[in-house]
Amino acid sequence: MFKTNDYFGGKVKSIAFRTDTLPATIGVMAQGEYAFGTNQKEYMTVTSGSLTVKLPGSEEWVTFPAGETFVVGAKQEFHVKADVESSYLCRYE
């Protein structure tokens, strides 16, 4: 069954599900800046809007528009800015 997640006072919400091969979440982010930690390797694809991300070990912020994917290793922290309401698909390895 689906599991819903609610973060940052409801500004980030996701629904967990299982793809044919990997667990995943589909979610939405309100405008704002957020820090996330990973347990597993994550492949995060922006599906609408855009996300500006500071990946682990980097000092630079990089913007990923809809259709682009970034990868974060397991046991890492990364930072995300959403300038507009945006959605994403996150697959876990």
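Predicted model: local features only at pLDDT ≥ 70, side-chain atom pairs only at ≥ 80, totals over all residues.
Local features here need pLDDT of at least 70 and side-chain atom pairs count only at pLDDT 80 or more, whereas totals for chains, interfaces and linings use all residues. Residues are numbered from 1 along each chain as its sequence is written, and side-chain values use heavy atoms, with hydrogens and water left out.

Student: In which strand is Ser14 found, and is Ser14 buried or exposed?
Tutor: Strands are DSSP runs of type E with at least two residues, numbered from the N terminus, and Ser14 has its place in strand 2, residues 12–18. Buried means under 20% relative accessible area, exposed over 50% and partly exposed in between, with a 1.4 Å probe and protein chains only. Because its relative accessibility is 4%, Ser14 counts as buried.

Student: What is the volume of the largest pocket?
Tutor: On a 1 Å grid over the protein atoms alone, a pocket is an open set of points where a 1.4 Å probe fits, with protein on both sides within 12 Å along at least five of seven lines, and lining residues have an atom within 4 Å of a point. Grid points are joined across faces, edges and corners, and the volume is the space filled by probe spheres set on them. For the largest pocket, this space comes to about 350 Å³.

Student: How many residues of the lining of the largest pocket are charged?
Tutor: The lining has 17 residues, with Tyr7, Phe36, Gly37, Glu42 and Tyr92 nearest the centre of the pocket. Asp, Glu, Lys and Arg count as charged, Ala, Val, Leu, Ile, Met, Phe, Trp, Tyr, Cys and Pro as nonpolar, and the others, Gly among them, as polar. The lining divides into 9 nonpolar residues, 7 polar and, as charged, 1.

Student: In the open sheet of 4 strands, what is the order?
Tutor: Two strands pair if DSSP finds at least two bridges between them, and strand 4 is joined to strand 9 (residues 77–82) by 6 bridges in an antiparallel run. The edge strands, each pairing on one side only, are strand 4 and strand 7 (62–65). With antiparallel pairing, the open sheet has the order 4-9-6-7.
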